[in-house]
Amino acid sequence: MTVSLCKELSIVMAKFPKVRLGHFPTPLEPMDRLSELLGGPRLWVKRDDCTGLSSGGNKTRKLEYLMADAQQKGADTIITQGATQSNHTRQTTAAAAKLGMECHILLEDRTGSNDPNYIMNGNVLLDRLHGASVSKRGSGTDMNAEMETLAAKMTNDGKTPYIIPGGGSNAIGALGYVNCARELSEQAAGVGLKIDALVHATGSSGTQAGLVTGFAAIHSDIHLLGIGTRAPQEKQEQMVFDLAKKTAEHLGTGLTIQRDAVRANCDYVGPGYGLPTDGMIEAVKLLAQTEGLLFDPVYSGKGLDGLIAQIKAGYFEGMDNVVFLHTGGSAALFGYSETFNLQGYTD
């Protein structure tokens with residue numbers, strides 16, 4: 001990675017429409033208590049939970065490009081979808097509110113839980129607080145088809161809808177993490193930090209695809225590892241690779257994406273997306289009690305579980321500095337209060 005390549009990427013990125021929604025650059029902080037406890041490389045956290053939009057999170061970077069595209073297309077209504085405790089829908093509803101657009105959210109029930117906290121609290125509460133309409137769909141529903149049906153109805157009602165895919169994961173949304181790759185590299189260089197690896201949770205693939213593309217554009221040798229939260233490894237890596245290629249094509253620079261740059265470890269998904277695992281619970285509690293950081297039970301918590309387990313297994317042997325990308329989502333904790341089995345008052 002060179003300074004000149006980062007500058008070149010900044011020039012390329014400047015041609016894409018973007019609306020300012022977040023606080024950037026987000027902090028890059030050491031996690032020294034966790035590092036000492038685990039005894040592996042020095043651990044850092046890239047605080048994309050601090051992006052600012054409706055308690056922050058990684059989707060804000062994607063939405064800066066997606067909402068600008070919606071504006072350019074004359075949209076007045078946003079439609080998107082996610083799982084019940086979706087961080088993406090929460091940030092989308094906030095972005096729509098900030099830009100004066102209607103927002104309609106479709107939530108897929110992927111867990112079957114009827115816990116009132118899960119179906120009404122956390123991100124669902126915030127979806128509604130931001131003024132969005134929220135409707136529920138059953139597990140396995142073709143959510144893209146449902147959004148198209150709703151968009152047709154909105155059009156018939158005289159609206160101009162814009163559909164954002166789940167997770168904001170398309171070539172436009174992934175631009176947010178192309179930019180993040182540059183931001184992180186410049187940030188580390190500014191403090192003389194050589195990052196050996198970047199680890200993050202990966203699901204709908206937009207975050208990882210953007211990072212893969214961004215690191216390729218600046219010729220970075222940072223080892224990128226996604227910890228899967230939903231799909232098996234082969235499917236997850238193929239999703240990321242396909243989207244990274246589309247994102248590179250969208251950049252229009254002739255960039256080639258190498259298949260071996262896409263790595264996902266999907267051993268920490270557990271019984272399914274949004275379903276708790278013992279490792280996730282332990283990881284979320286550990287970070288709360290060693291670093292004062294809150295992670296979410298659906299996405300970043302499983303990413304942390306994978307990071308910790310891989311440190312113990314020696315995956316990062318010979319590496320000095322490993323960064324974990326905090327994708328936000330602590331609001332979802334309030335939908336999983338019983339999962340953590342925390343005792344009440346002591347007296």
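Tutor: Contact here means heavy atoms within 4.5 Å. The model is predicted.

Student: Which residues in helix 10 meet helix 9?
Tutor: Helix 9 covers residues 206–217 and helix 10 covers residues 233–251. From helix 9, the residues taking part are Gly206, Gln208, Ala209, Val212 and Thr213. Their partners in helix 10 are Val240, Leu243, Ala244, Thr247, Ala248 and Leu251.

Student: How many residues of the contact of helix 9 with helix 10 are nonpolar?
Tutor: Gly206 of helix 9 is one of the residues in this contact, and Gly counts as polar. The contact has four polar residues and no charged ones. The nonpolar residues number seven.

Student: Are helix 9 and helix 10 roughly parallel or oblique to each other?
Tutor: The two axes come within 8 Å and cross at roughly 55 degrees. Roughly parallel applies to angles under 35 degrees, and roughly perpendicular to those from 65 to 115. Helix 9 and helix 10 are therefore oblique.

Student: Is the crossing of helix 9 and helix 10 left-handed or right-handed?
Tutor: Two packed helices are described by the angle between their axes and the distance between the axes. For helix 9 and helix 10, that angle is roughly 55 degrees. The handedness of their crossing is right-handed.

Student: Helix 9 also meets helix 8; at roughly what angle do the axes of helix 8 and helix 9 cross?
Tutor: Helix 8 spans residues 175–190, and its axis comes within 7 Å of that of helix 9. Helix 8 passes helix 9 in a right-handed crossing. The two are oblique to each other, with an angle of roughly 55 degrees.

Student: Which residues in helix 9 meet helix 8?
Tutor: Helix 8 contributes Tyr177, Val178, Cys180, Ala181, Leu184 and Ser185. The contact divides into seven nonpolar, six polar and no charged residues. On the helix 9 side are Gly206, Thr207, Gly210, Leu211, Thr213, Gly214 and Phe215.

Student: Is Ser185 buried or exposed?
Tutor: Ser185 lies in helix 8. Its relative accessible area is 4%, and the cut-off for burial is under 20%. Ser185 therefore counts as buried.

Student: How far apart in space are Ser185 and Cys6, C-alpha to C-alpha?
Tutor: Along the sequence, Ser185 and Cys6 are 179 residues apart. In space, their C-alpha separation is 8.2 Å.

Student: Is Val3 buried or exposed?
Tutor: Val3 is found in helix 1, residues 3–13. The relative accessible area of Val3 is 57%, and the cut-off for exposure is over 50%. Val3 is therefore exposed.

Student: By what distance are the C-alpha atoms of Val3 and Phe334 separated?
Tutor: Val3 and Phe334 are 331 residues apart along the chain. The separation of their C-alpha atoms is 42 Å.

Student: Which residues in helix 4 meet helix 3?
Tutor: The axes of helix 3 and helix 4 (residues 87–98) come within 10 Å and cross at roughly 45 degrees. That makes helix 3 oblique to helix 4. Helix 3 brings Lys59, Thr60, Leu63 and Met67 to the contact. From helix 4 come Asn87, His88, Gln91, Thr92, Ala95 and Ala96.

Student: Against which helices do the buried residues of helix 11 pack?
Tutor: Helix 11 has 13 residues, 278–290, and reaches 18 Å from its first C-alpha to its last. Its buried residues are Met280, Ile281, Ala283, Val284, Leu287 and Thr290. They pack against helix 2 (32–38) and helix 12 (300–312).

Student: Which residue, with positive phi, follows helix 11?
Tutor: Helix 3 is followed by Gly74, whose phi is positive, near 75 degrees. After helix 11 comes a residue with phi near 65 degrees, Gly292.

Student: Leaving aside neighbours within four places in sequence, with which residues is Thr77 in contact?
Tutor: Thr77 is found in strand 3, residues 77–83. At 0% relative accessibility, Thr77 counts as buried. Its contacts beyond those neighbours are Glu102, His104, Met154, Lys159, Thr160, Pro161 and Tyr162.

How values were computed:
Residues numbered from 1 in each chain as written. Predicted model: local features only at pLDDT ≥ 70, side-chain atom pairs only at ≥ 80, totals over all residues. Heavy atoms only, no water. Axes fitted to C-alpha atoms, helices over the stretch in contact; angles between N-to-C directions. Helix = DSSP H or I, 4+ residues; strand = E, 2+ residues; numbered from the N terminus. Parallel < 35°, antiparallel > 145°, perpendicular 65-115°, else oblique. Left-handed = near helix turned anticlockwise from the far one by under 90°. Expected span 1.5 Å × (residues − 1). Buried < 20%, exposed > 50% of the residue type's maximum accessible area, 1.4 Å probe, protein only.
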